[in-house]
Amino acid sequence: MRIILLRHGQSLGNVDELAYCRIPDHALPLTERGEREARAAGPVIAGLAGDGPVAAYVSPYQRTRRTFELLGIETERVVTEPRVREQDWGNLQDPVQQEVLKHQRHAFGHFFFRLPNGESGADVDDRVAAFLDGLTVRMHKDEGHPKTVLVVSHGLTIRLLCRRFFDWSIDLFESLSNPDTCEHRVLDHDGTGWKLDRPFVQWRDSPDGTTQLAP
């Protein structure tokens with residue numbers, strides 16, 4: 001069994017933080033570079049998926065749906081899955097408040113700090129757990145469900161998916177950087193457990209002394 005986790009291509013919000021003040025997060029489009037990234041990722045993801053059937057679970061945000069579309073990959077089923085969407089940042093129409101919230105979130109920690117009218121990382125962790133529980137049951141017990149799965153999602157959400165899979169500490173999670181736009185991670189099941197193809201970059205040592213184990 002194989003699960004491929006793919007972050008969306010570069011979006012307008014990645015290059016213009018004030019875009020969040022004008023456009024809802026879910027409606028932010030890919031940039032021209034993001035569209036090129038998605039097209040270039042297509043053959044790579046197709047190679048990882050192999051020749052067998054693939055099930056795709058795609059965040060409903062515009063940037064993730066467009067990324068999946070540009071991959072050009074044939075899949076047996078495509079599911080729009082809200083539980084793998086980006087962390088809900090609430091209302092970010094005020095650029096001053098947006099900047100204050102980002103500083104507060106960084107100071108208090110990305111996992112527990114809840115954004116006003118939005119979510120904390122812990123909230124995202126909860127919905128990711130529910131998604132994974134259902135997905136792994138289907139992959140193990142539903143003979144009709146493909147054994148190869150593609151999840152097109154967002155940076156923080158992908159880190160939390162892996163945190164849940166491998167039971168990483170919260171301190172370790174907070175020490176890891178998001179994958180780059182259109183960067184992937186592959187999880188393979190070897191019959192005894194899930195293995196990650198390569199680690200995430202650690203931008204600082206985790207306070208509890210935990211280091212991320214190489215696959």
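Mentor: Let's start at isoleucine 3, which stands opposite valine 149 in β4. The model is a predicted one, where local features need pLDDT of at least 70, side-chain atom pairs count only at pLDDT 80 or more, and totals for chains, interfaces and linings use all residues. Residues are numbered from 1 along each chain as its sequence is written, and side-chain values use heavy atoms, with hydrogens and water left out.

The part to look at is strand β1, residues 2–7 (helices, H or I of at least four residues, and strands, E of at least two, are DSSP runs numbered from the N terminus). β1 pairs with β4, residues 148–153, in the parallel sense over 6 bridges (pairing takes at least two DSSP bridges between two strands). β5, residues 184–189, is also joined to β1, by 5 bridges, and there the two run antiparallel. Along that pairing, isoleucine 4 stands opposite valine 186, and leucine 6 faces histidine 184.

Now step back to the sheet around β1. It is an open sheet of 6 strands in the order β3-β2-β4-β1-β5-β6, with mixed pairing. β3 (77–80) and β6 stand at the edges with a single partner strand each, so one side of each is left without a neighbour in the sheet. On average, neighbouring strands are turned by 20 degrees against each other, direction ignored (axes are lines fitted to C-alpha atoms, for helices over the stretch in contact, and angles between N-to-C directions run from 0 to 180 degrees).

How covered is β1 itself? Of its 6 residues, 5 are buried (under 20% relative accessible area; exposed is over 50% and partly exposed in between, with a 1.4 Å probe and protein chains only). Ile3 and Leu5 belong to the largest nonpolar core, which has 29 residues; together with Phe131, Val149, Val151 and Leu187 they have the most contacts inside it (a core joins buried Ala, Val, Leu, Ile, Met, Phe, Trp, Tyr and Cys through side-chain atoms within 4.5 Å). At least two residues each come from β1, β2 (54–58), α6 (121–141), β4, α7 (155–166), α8 (170–174) and β6 (194–196). The largest share, 7 residues, is supplied by α6. Ile4, by contrast, is listed with Leu150, Val152 and Cys182 in a second, separate core of 17 residues.

Leu187 shows how these pieces come together. Leaving out residues up to four places away in sequence, leucine 187 touches Met1, Arg2, Ile3 and Leu5, together with Cys162, Phe165, Phe166, Trp194, Lys195 and Leu196 (contact means heavy atoms within 4.5 Å).

α6 and α7 pack at about 60 degrees, their axes 9 Å apart. That angle makes α6 oblique to α7 (under 35 degrees is roughly parallel, over 145 roughly antiparallel, 65 to 115 roughly perpendicular, and the rest oblique). Among the residues that meet are Val124, Val128, Phe131 and Leu132 in α6, and Leu156, Leu160, Leu161 and Phe165 in α7.

Arginine 39 is 29 Å from arginine 164, C-alpha to C-alpha, and 125 residues from it in sequence.

One last stop is the loop between α2 (19–22) and α3, where aspartate 25 lies. Aspartate 25 counts as buried because its relative accessibility is 15%. Its contacts, beyond residues up to four places away in sequence, are Tyr20, Tyr61, Arg63, Glu86, Gln87 and Trp89.
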